[in-house]
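Me: I have a model open and want a quick tour. Can you walk me through it?

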Amino acid sequence: MAPSKDSKRGSKTAESNINNSNTSNANGGGGNASRDSRHTGLFLPLFGLRLSPRHKRRIETERDRMLSDPDRHSHLRRGRVTPPAPTVDVELKPLDDRQPNMKFALRPGSAVAKLEQFVRRRYQDKGHPIATAAHFAFYVDGRVLNPEDVLPPTSFKIWYRMSRSSAEVDQWKFSQYKDANNQPIPPELATQLVQAIDTGGATVGELRRKIAAFMSISDPDRVLLVARGGTRPGQLQGDSWVVSEIKRHWLCCWISYHIARTNAYAVINGLGRRYVYHPESHYFYDGMSVRRWQHHLDTRLFRNVRSRGKTGFNAHWSEITLTLNGTRVSKTTRVCWGKTYEVELSGQAAKIFSAEEAWLLPDEACSVCLDSKNLSLMAYKITSGCNHKPTICNACLSQWIASELETKMWDRIKCPECPKSLEFADVQRNASRSVFRRYDELATRAALGNIPNFRWCKSSKCNSGQIDDVRCVRFKCKACKNSHCIKHDVPWHSGETCEEYDKRNTQKKKDERASEAEITKSSKKCPSCNKAVHKFSGCNHITCICSHEWCYICLAPFQRNEHGFLYCRHKPECTERDPFVDLIDPQNANADPRTFFEAANHGLFPPQFFRNRLRVVRGRAARHHLEAGANEPGVGQMGRNPNRLHPDMFLPPWMQEADRGMFAGVAGIADHVANGNGNDRDPMHDLRVLAQDMRAARRERA
């Protein structure tokens, strides 16, 4: 059978392909490459290039290997290029504002040492080679990376610092803020600042005062401190911020200062801390609205104190309340530079800001539990009328409010450090939720009870109340539908009138009158609230539920003078006597400190005196400072010691002019007696011996 045209055409094409292939192989160049060889990527011998026999054999061997494994190299036969190796984008952020940002693409699993090579190569390409002795330090999340550490497999940001040597990596640097050449400050001042930071734990406020003293500036608030570089560059506003923590968390080793013009700042007091804000020059001369200032405080202070990561401060800038001299300022008014503003935040926003700022703040000792607490955990405002700095922590203050609410009337809760009373907002800010809920309920009931004709339902299962009609003696609750008699204050007596109820309960009324007479005979009424108080044991010093203190015999009140001494001027017919009332009573013009020593010499010091005084002054121990050369001659300046009670705490200032050695002995014996260690000896004898020794010492010095 003769072949068809298609079969002939196909056979001819095949023969021509074979001939072309043979011709190409024979000549070593020219012609068309075969289909298999065209997709191997090995075209060098086919474009007229002369290769050595060894290179030709290598190319043919590689081609044969690729053609023998079609599954492995199928993408090459389809004409696709080999995909590039994966890389990781690394962003380098400088901790020195004079150095640039850089970005690199590294292979996953690269070591940190590779970064240093890339940085050096980048500077070399720009014509600024780096010295061989230069040292690089790389940080991630505040942690220093070692050269052999492996980089993460995902894109990330790394902070870097370049210094002349490894010894200069963490050294402090100080300069003037507006010095373009960044010349160092005087060595004497730099030494003082470094010593205060590294050994004394200096705060930003202390650095301001040291710089102001060195430059003979009377107003330290004029000193502007700026963090140069680091993870958070900008102004350092907080006076309580510990500078060493700024270096540790914000990785800032360079601080610049600038002396601003007079009153070219604004002081902000809030949350028990103090902040100094220095505006830009155009805001100082042209003025700044309170609205814009609130926005600046929001972005540059309240949202900018977190050590790392995103802030959780979610309050809007318009919720920042500013007051000047007790008056809330409007958002459209201009900021009065050189003034002190009070700032207030909502409860949740204040807690978030305090928690984020805690790492910047120092520790203080609580005057109640004597534990060292962070400044953010200390009470910053007990009452709106307190003029003292609180020395009690939030936990102890919350327990104090809960205890006072259990033992006193809800409106008689006072500050634990001064006689000011706590208002509704003070309890809401400092008490726990459960305690404040109880306080709010009592305050609500008291407020509703002052409304004329308002009555509460007597049902134990109902907490409702309403304004009732005074013309009707029957009260019917609209909430639970129960009724009670207003006249007799009992559940409604169904089926009988009030007169019939009285006739039926004649004997009960006689018993109640007899009980009232017996209570009146065996008790006394409080002079303040007129409630009956029955004393069955203990001393005659009564503290009523209304917080009034009085003598049970003569009803004379117990009072405290301005120094915290408790005294009572009993009536002449009273059997109780206060031997120190003439010394303590501020109304007595003949008070003489020498009478105190005469009383000690004659054994008139009761142990209760020292116990009461210790209870009053123990809270002052944590915040008491001793001055060198003033309190104890020959003793160097001492810091705060919460475990030591100084003698000056036991006596008011008008007694502190006498011999301090006497006070030291009195304080030691009082502490001994108050701690329960005076059962084996007579403290009065110790006081008399001490007074004799002090008089003999004074005679010798004379």
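**Overview**

Reply: The protein chain has 21 helices and 27 strands. Helices (H or I, at least four residues) and strands (E, at least two) are DSSP runs, numbered from the N terminus. This is a predicted model: local features need pLDDT of at least 70, side-chain atom pairs count only at pLDDT 80 or more, and totals for chains, interfaces and linings use all residues. Residues are numbered from 1 along each chain as its sequence is written, and side-chain values use heavy atoms, with hydrogens and water left out.

Me: What share of the 702 residues is buried?

Reply: Buried residues make up 38% of them. Buried means under 20% relative accessible area, exposed over 50%, partly exposed in between (1.4 Å probe, protein chains only).

Me: Now helix H7. Which residues are buried there?

Reply: H7 spans residues 204-214, and its buried residues are Val204, Gly205, Leu207, Arg208, Ile211 and Ala212. They cover an arc of only 160° around the axis, which puts them on the same side of H7. The arc is that of the directions from the helix axis to the C-beta atoms.

Me: What covers the buried residues of H7?

Reply: The cover includes helices H6 (187-198) and H8 (243-249), plus strands E7 (223-227), E9 (254-259) and E11 (273-277). Contact here means heavy atoms within 4.5 Å.

Me: What follows H7?

Reply: Ser216, with a positive phi near 60°.

Me: Let's take E7. How many of its five residues are buried?

Reply: Five of the five, so E7 is largely enclosed by the rest of the structure. Val223, Leu225 and Ala227 point one way, Leu224 and Val226 the other way. In a regular strand the side chains alternate between the two faces of the sheet.

Me: How does E7 pair with E9, parallel or antiparallel?

Reply: Antiparallel, over five bridges. Two strands pair if DSSP finds at least two bridges between them. Val223 stands opposite Ile259 in E9.

Me: What about E7 and E8?

Reply: E7 and E8 are also paired in the antiparallel sense, over two bridges. Val226 has Gln235 in E8 as its bridge partner. The two strands form a hairpin with six residues between them, and Gly229 in the turn has a positive phi of about 80°.

Me: Where does Arg228 lie?

Reply: In the loop between E7 and strand E8 (234-235). Arg228 is buried, with a relative accessible area of 12%.

Me: Which side chain does Arg228 make a polar contact with?

Reply: That of Asp97, at 3.0 Å. A polar contact is a pair of N or O atoms within 3.5 Å; within protein, one must be able to donate a hydrogen and the other to accept it, and residues adjacent in sequence count only if both atoms are side-chain atoms. Not counting residues up to four places away in sequence, Arg228 touches Leu95, Asp97, Ser175, Tyr177, Asn182, Cys252, Trp254 and Ser256. The C-alpha atoms of Arg228 and Trp254 are separated by 5.3 Å, although the two are 26 residues apart along the chain.

Me: New topic. What is the strand order in the open sheet of five strands?

Reply: E11-E10-E14-E12-E13, with mixed pairing. E11 and strand E13 (327-328) stand at the edges, each with a single partner strand, so one side of each is left without a neighbour in the sheet. Helix H10 (residues 290-302) packs on the sheet and touches E10, E11, strand E12 (321-324) and E14. The direction of H10 makes about 115° with that of E11. Axes are lines fitted to C-alpha atoms, for helices over the stretch in contact, and angles run from 0 to 180 degrees between N-to-C directions.

Me: In which sense do E10 and E14 pair?

Reply: Parallel, over three bridges, between residues 266-270 and residues 340-344. Ile268 stands opposite Tyr341 in E14.

Me: Last one. Where is Thr383?

Reply: In the loop between strand E16 (372-374) and helix H12 (394-407). Thr383 counts as buried at 2% relative accessibility. Its side chain reaches the backbone nitrogen of Cys386 at 3.1 Å. Contacts of Thr383 beyond four places in sequence include Asp426, which lies in helix H13 (residues 424-430).
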